[in-house]
Amino acid sequence: MATVVKTYEPKFWDRFYLPAIVQGLVITLGRFLKRKDTVLYPEKKHVPPPGYRGLHRLNKHDDGRIKCVACEMCQTACPAHCIDIEPSIAPWEEGEERYPVKFEIDLLRCIYCGFCEIACPKDAIELTEIYDFAAYTRDDLVIEMEGLLKVFDITKDGNVYDRQNRGESIELPVTR
Amino acid sequence: MDTFEILVALIKVVAVFVAVILAVMVMTLAERRVAGFIQYRHGPNRVGPWGFLQPVADGIKFLLKEDIIPANVNLPIYLLAPAITMIPALTTFAVIPFGAPLEVAGRTVQLQVANINIGLLYILALTSVGVYGLVLAGWSSGSKYPLLGGLRSSAQLISYELAMGLAIIGVVMVSGGLTFNEIIAHQQATSWNFWKQPIAALVFLVAMYAETNRLPFDLTEAEQELVGGYHTEYSSFKFAMFFLSEYANMVTASAFMVCLFFGGWDIPFVDETQMGAWGVVLSVLVFIAKIGFFLFLYIWVRWTFPRFRYDQLMRLGWKVLLPLGLVNIFLVGLWMALKV
């Protein structure tokens, strides 16, 4: 097969280099003056798009009762085996008969696939937009039921990072 | 020499030294911040406001780092090389006038550390000595990459010093003197040399980049080919001395360019002699602004263009810049002959 070799013949002005050099300088100056893409992290936080899979939360009913019925569907669906649930009989008269006394998620094992929220028949477990949780020990990154319910409290009123960027101070339960 | 003169000389020496070191510090920061800006980033902005304390942090880091001396070095020369590079880099600025003459207590004080009658030659001579530092550093390191870097820097210097000299000759011909004061006075009396000799200005600008080993002519420290070039085997503060002298050379080269082609401290369209002390202050500020532009150009060019190949570098030096310099001298000579 014949190959077409493209050759480039420099034009008259190209032989002087200077027009091309000036062109290059103009391009970089334009970039110099444009808005920067970097988000200055601790002061300004990147706002993830809706559907982002971050830290988990356990939803609550309007009266404050936990939605979870400890059916262990999420635990079964979890490919990373990071959820640990202990069910018990619910203390309240009205509503569901079961509730979890222990609901732990090992955040270091979790792969943030979102299977748990798909598996949940009660829409009780959900993944939120929170991404900047960190701790000094592995134990501190096992979030318990109390923490998961607190995540619900801080995430129910709209995107956490949107609000933080607007100057609202929100404390994350896992972060030290 | 009475006390007044000694005091004035001391103040000028300290002021110029501090100014050059400060400029170097600002440049190391500006280099990285402008690089960031050109690449849609912010650059270092965490240490102090706008990152202004970053150079201080770097300096402390360089001082505290372990100073490694490789086993195969030629020790006396290895230790001498950074000093040979740094001393000329810091002393060349001495002959550059940085402002209009100042009247103090009935006497005229030249804003210049030393008014030597061969100012131009002094700078050319000392910058050439500075290259000995690079060659010796490369040779004494006992390693092949530094050696290649050192050899390249000497070859590059020979090729571009000629073109630079030819560009300067055109300026010396019209101003009739080798001191910066005469050159600036001549530009004030007529117009900036840049408007009269744009070819010489261009040749000088390109040669200036090659002389200071800056991109697109940084063949001596081409990272991809030579690891780090002549300073590969240097660490800690000895490396910092090479780093410092590179930037100090850039400051001096920019000042050289401004004095030769852009009127030095001359303020365009304004007669600074009518304004007294304020005129002097203004002239110093204008001089700093002009140097600042050329320093920015240095960084701007660095983050815009790729490095030349070695043969391209030589071709540009010998086949383009040298003939251009000669053409400029011819044109200036012709113009002078016709004018008389």
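The following questions and answers explain how several descriptions of this predicted model are reached.

Q: What makes the radius of gyration of chain B agree with that of a compact globule?
A: For 340 residues, a compact globule would have a radius of gyration near 20 Å, and chain B has 21 Å, so the two agree. The C-alpha trace of chain B spans about 60 × 45 × 45 Å along its principal axes. Of the 340 residues in this chain, 43% count as buried. Among contacts in chain B with a separation of 6 or more, 76% join residues 24 or more positions apart.

Q: Which elements make up chain B, and in what pattern do they follow the sequence?
A: Chain B contains 12 helices and two strands. Along the sequence, the pattern is α-α-α-β-β-α-α-α-α-α-α-α-α-α.

Q: How do you know that the span of helix α8 of chain B is close to the expected one?
A: Helix α8(B), residues 198-211, has 14 residues, and at 1.5 Å a residue a reach of 20 Å is expected. The distance from its first C-alpha to its last is 20 Å, close to that expectation. After α8(B) comes B:Asn213, whose phi is positive, near 55 degrees.

Q: Why is α8(B) called mostly covered?
A: A residue is buried if 20 or more other C-beta atoms lie within 10 Å of its own. In α8(B), 10 of the 14 residues are buried, and the helix is described as mostly covered. Among these buried residues are B:Phe204, B:Met208 and B:Tyr209. The buried residues of α8(B) pack against α4 (119-140), α5 (144-175), α7 (193-196), α10 (236-261) and α12 (310-339) of chain B.

Q: Why are α3(B) and α4(B) called roughly antiparallel?
A: The axes of α3(B), residues 75-91, and α4(B) come within 8 Å and cross at roughly 160 degrees. Angles over 145 degrees count as roughly antiparallel, and α3(B) and α4(B) are therefore roughly antiparallel to each other. Their crossing is left-handed. The residues that meet include B:Ile77, B:Tyr78 and B:Leu80 in α3(B), and B:Leu126, B:Tyr132 and B:Leu136 in α4(B).

Q: Why is A:Glu72 called partly exposed?
A: A residue is buried at 20 or more C-beta neighbours within 10 Å, exposed at 12 or fewer, and partly exposed in between. A:Glu72 has 16 other C-beta atoms within 10 Å and is therefore partly exposed. This residue lies in the loop between β1 (56-58) and α2 (73-77) of chain A. Most residues other than glycine have a negative phi.

Q: How do you know whether B:Ser236 counts as buried, exposed or partly exposed?
A: B:Ser236 has 16 C-beta neighbours inside 10 Å, so this residue counts as partly exposed. B:Ser236 is placed in helix α10 of chain B. Its phi is positive, about 55 degrees, although the residue is not a glycine.

Definitions and conventions. Residues numbered from 1 in each chain as written. Chains lettered and ligands numbered in written order. Predicted model: local features only at pLDDT ≥ 70, side-chain atom pairs only at ≥ 80, totals over all residues. Helix = DSSP H or I, 4+ residues; strand = E, 2+ residues; numbered from the N terminus. Expected span 1.5 Å × (residues − 1). Contact = placed C-beta atoms within 7 Å. Rg over C-alpha atoms; globule rule 2.2 N^0.38 Å. Axes fitted to C-alpha atoms, helices over the stretch in contact; angles between N-to-C directions. Parallel < 35°, antiparallel > 145°, perpendicular 65-115°, else oblique. Left-handed = near helix turned anticlockwise from the far one by under 90°.
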